Amino acid sequence: MNRYQLKFFADSQEASVFVAHEIANLIRQKNKNGEYCVLGLATGSTPKSIYKELIRLHKEEGLSFKKVYSFNLDEYYPMEPNSLNSYVRFMKEQLFNHVDIPAENYFIPDGTISADKIKEFCAAYEQKIEALGGLDFQLLGIGGNGHIGFNEPGSLINSGTRLMMLDHATRVAAASEFGGQLSKVPKKAITLGVEKILQAKRIVLLAWGERKALVLKAAIEGPVDETLPASYLQTHADTLFVIDN
Ligand code: PGA
């Protein structure tokens with residue numbers, strides 16, 4: 001018996017409003033109890049509409065991010081934070097610059113760290129999450145090859161936060177963001193490991209459009225194994241797949 005839930009919406013806009021409201025309710029609930037809310041956030045085209053709704057909730061309905069901590073899933077390596085393709089820049093432009101989250105409360109893997117410090121950096125990244133009591137909520141997209149974060153096929157269920165070689169398919173999918181030039185897409189990224197993702201108390205995976213239909217079906221209905229890291233979500237106690245029709 002699978003423990004995950006599925007929720008279908010007419011379109012990604014309706015779905016995004018639903019998910020943004022779940023996040024907002026969680027923040028409000030935690031803050032009401034005098035607790036911080038610890039979010040795991042994602043980049044890519046999929047979550048943009050959720051961030052848009054969260055910004056609206058902040059501006060129009062008083063949702064505050066002052067007592068929120070946030071950890072992003074991944075960052076290309078190497079990558080300068082101000083670069084057009086940096087996920088630091090993405091998160092600032094799509095969310096953080098428009099809400100009241102303190103700059104010291106959000107964390108994104110550092111694409112500028114020297115190669116010999118990456119292991120140490122990744123261990124510290126996980127420790128920071130643990131010190132805050134773990135992720136209350138993890139937002140996920142799914143790659144065409146079934147990756148979550150940049151945990152590419154072959155990633156083990158207990159894999160830690162680490163430097164990952166990107167799949168050719170992942171780099172091809174990202175090329176449009178790099179002026180259509182595959183050679184410009186970094187070959188590596190730092191990603192939160194599968195283990196920490198699965199330790200999140202609640203996970204919501206979003207998938208929009210026909211291009212994600214087959215991989216999503218495989219992740220939800222197929223065997224749980226390393227050829228499709230998103231299939232590991234079948235083992236999680238509280239995962240919701242949010243899907244457009
Ligand atoms: P996308 O990427 O949101 O741009 O489709 C999802 C992913 O690769 O995890």
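Reader: Which residues are around the ligand?
Author: Gly44, Ser45, Thr46, Gly141, Ile142, Gly143, His147, Arg211 and Lys212. Keep in mind that this is a predicted model.

Reader: How far is the polar side-chain atom of histidine 147 from an oxygen atom of the ligand?
Author: The distance is 2.7 Å.

Reader: And arginine 211?
Author: An N or O atom in the arginine 211 side chain is 3.0 Å from a ligand oxygen atom.

Reader: What about serine 45: which polar atom is 3.0 Å from an oxygen atom of the ligand, backbone or side-chain?
Author: Backbone. A polar backbone atom of serine 45 is 3.0 Å from an oxygen atom of the ligand.

Reader: New topic, helices. At what angle do the axes of helix 1 and helix 2 cross?
Author: Roughly 55 degrees. Helix 1 covers residues 12–32 and helix 2 covers residues 48–61. Their axes come within 8 Å. That angle makes helix 1 oblique to helix 2.

Reader: Is the crossing left-handed or right-handed?
Author: Right-handed, as helix 1 passes helix 2.

Reader: Which residues make that contact?
Author: From helix 1, they include Val17, Ala20, Ile23, Ala24 and Arg28. From helix 2, Ile50, Glu53, Leu54 and Leu57 are among them.

Reader: How many are nonpolar, polar and charged?
Author: The contact of helix 1 with helix 2 has eight nonpolar, five polar and four charged residues.

Reader: Where does helix 3 come in?
Author: Helix 3 spans residues 87–94. The axes of helix 2 and helix 3 come within 10 Å and cross at roughly 40 degrees. Helix 2 and helix 3 are therefore oblique to each other.

Reader: Which residues make the contact there?
Author: Helix 2 gives Lys48, Tyr51 and Ile55. Helix 3 gives Phe90, Met91 and Gln94. By class, this contact has four nonpolar, one polar and one charged.

Reader: Last one. Is the peptide bond from tyrosine 77 to proline 78 cis or trans?
Author: Cis, with omega near -5 degrees.

Reader: Where does proline 78 lie?
Author: In the loop between strand 4 and helix 3. Strand 4 is residues 74–77.

Conventions
Residues are numbered from 1 along each chain as its sequence is written. This is a predicted model: local features need pLDDT of at least 70, side-chain atom pairs count only at pLDDT 80 or more; totals for chains, interfaces and linings use all residues. Side-chain values use heavy atoms; hydrogens and water are left out. Axes are lines fitted to C-alpha atoms, for helices over the stretch in contact, and angles run from 0 to 180 degrees between N-to-C directions. Helices (H or I, at least four residues) and strands (E, at least two) are DSSP runs, numbered from the N terminus. Angles under 35 degrees count as roughly parallel, over 145 as roughly antiparallel, 65 to 115 as roughly perpendicular and the rest as oblique. A crossing is left-handed if the near helix is turned anticlockwise from the far one by less than a right angle, and right-handed if clockwise. Contact means heavy atoms within 4.5 Å. Ala, Val, Leu, Ile, Met, Phe, Trp, Tyr, Cys and Pro count as nonpolar, Asp, Glu, Lys and Arg as charged, and the others, Gly among them, as polar. A residue is near a molecule or strand if one of its heavy atoms lies within 4 Å of it. A polar contact is a pair of N or O atoms within 3.5 Å; within protein, one must be able to donate a hydrogen and the other to accept it, and residues adjacent in sequence count only if both atoms are side-chain atoms.
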